[in-house]
Amino acid sequence: MHDFGCPKIKPSGKTENGERRMDVRLQDILVMKKSHPCGSDRWLVLRTGMDFRLRCCGCGHEVMLPRSKAEKNIKKILREE
Ligand SMILES: [Zn+2]
């Protein structure tokens, strides 16, 4: 992959290199890089494991995603402590 010298923009305070496995738990809210057609970019985690089951916080649509694909799409994890 060529980046043609374009600087990589990284959000502050987050490792973006993928060495560390993301810690996704039930009831977490995932903020995705791509937003759903309904306009929401937030998904509630209903199931973890090999696949994630996620519910769109905007319209309630539910999807199953392979973990690897979901993790690539995660921008941020919101969790109520
Ligand atoms: Zn939606």
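Biologist: Which strands form the hairpin that has Gly 60 in the turn?

Modeller: E3 and E4 form this hairpin. There are 5 residues between the two strands. Gly 60 in the turn has a positive phi of about 85°. Keep in mind that this is a predicted model.

Biologist: How do E3 and E4 run, and how many bridges join them?

Modeller: E3 and E4 run antiparallel, and 5 bridges join them.

Biologist: What is the count of buried residues in E4?

Modeller: The count is 0 among the 5 residues of E4, so the strand is hardly covered. To be buried, a residue needs 20 or more other C-beta atoms within 10 Å of its own.

Biologist: Which residue takes a positive phi in the hairpin of E2 and E3?

Modeller: Gly 49 does, with a phi near 135°. That hairpin has 3 residues between the strands. E2 and E3 pair over 4 bridges, in the antiparallel sense. Within this pairing, Val 45 stands opposite Leu 54 in E3.

Biologist: What should I know about phi in general?

Modeller: Most residues other than glycine have a negative phi. Now look at Gln 27. Gln 27 is not a glycine, yet its phi is positive, about 75°. Gln 27 sits in the segment before E1.

Biologist: Is Gln 27 buried or exposed?

Modeller: Gln 27 is exposed, because it has 9 other C-beta atoms within 10 Å. The cut-off for exposed is 12 or fewer.

Biologist: Now the whole fold. How many helices and strands does the protein have?

Modeller: The protein has 1 helix and 5 strands. Along the sequence, the pattern reads β-β-β-β-α-β.

Biologist: In what order do the strands lie in the sheet?

Modeller: The order is E4-E3-E2-E1-E5. The sheet is open, its pairing is antiparallel, and it has 5 strands. Strand E4 (62-66) and strand E5 (74-78) are the edge strands, each pairing on one side only. On average, neighbouring strands of this sheet are turned by 35° against each other, direction ignored.

Biologist: How many bridges join strand E1 to strand E2?

Modeller: There are 3 bridges between strand E1 (residues 29-32) and strand E2 (residues 42-47), and the two run antiparallel. Val 31 stands opposite Arg 42 in E2. Ile 29 stands opposite Leu 44 in E2.

Biologist: Let us stay with Ile 29. What does Ile 29 touch?

Modeller: Not counting residues up to four places away in sequence, Ile 29 touches Arg 42, Leu 44, Cys 57 and Leu 78. Ile 29 lies in strand E1. Ile 29 counts as partly exposed because it has 15 C-beta neighbours inside 10 Å. Compare sequence and space as well: Ile 29 and Arg 55 are 26 residues apart in sequence, and 9.4 Å apart from C-alpha to C-alpha.

Biologist: How far apart in sequence and in space are Met 22 and Lys 72?

Modeller: Met 22 and Lys 72 are 50 residues apart in sequence and 9.8 Å apart in space, C-alpha to C-alpha. Met 22 is found in the segment before E1. Leaving aside neighbours within four places in sequence, Met 22 is in contact with Glu 71, Ile 74 and Ile 77. Met 22 is partly exposed, because 14 other C-beta atoms lie within 10 Å.

Biologist: What share of the contacts joins residues 24 or more positions apart?

Modeller: That share is 29% of the contacts with a separation of 6 or more.

Biologist: Now the interior. Where do nonpolar side chains tend to be?

Modeller: In soluble globular proteins, they tend to be buried together. In this structure, the largest nonpolar core has 6 residues: Leu 30, Trp 43, Phe 52, Leu 54, Cys 56 and Ala 70. Strand E3 (residues 51-56) gives the largest share of this core, 3 residues. Across the protein, buried residues make up 7% of the 81 residues.

Biologist: Which residues does Leu 54 touch?

Modeller: Leu 54 touches Leu 30, Trp 43, Leu 44, Val 45, Leu 46, Glu 62, Val 63 and Leu 65. Residues up to four places away in sequence are not counted here. Two of these names have come up in the core too: Leu 30 and Trp 43.

Technical notes
Residues are numbered from 1 along each chain as its sequence is written. This is a predicted model: local features need pLDDT of at least 70, side-chain atom pairs count only at pLDDT 80 or more; totals for chains, interfaces and linings use all residues. A nonpolar core is a set of buried Ala, Val, Leu, Ile, Met, Phe, Trp, Tyr and Cys residues joined through C-beta atoms within 7 Å. Two residues are in contact if their C-beta atoms, placed from the backbone, lie within 7 Å. Two strands pair if DSSP finds at least two bridges between them. Axes are lines fitted to C-alpha atoms, for helices over the stretch in contact, and angles run from 0 to 180 degrees between N-to-C directions.
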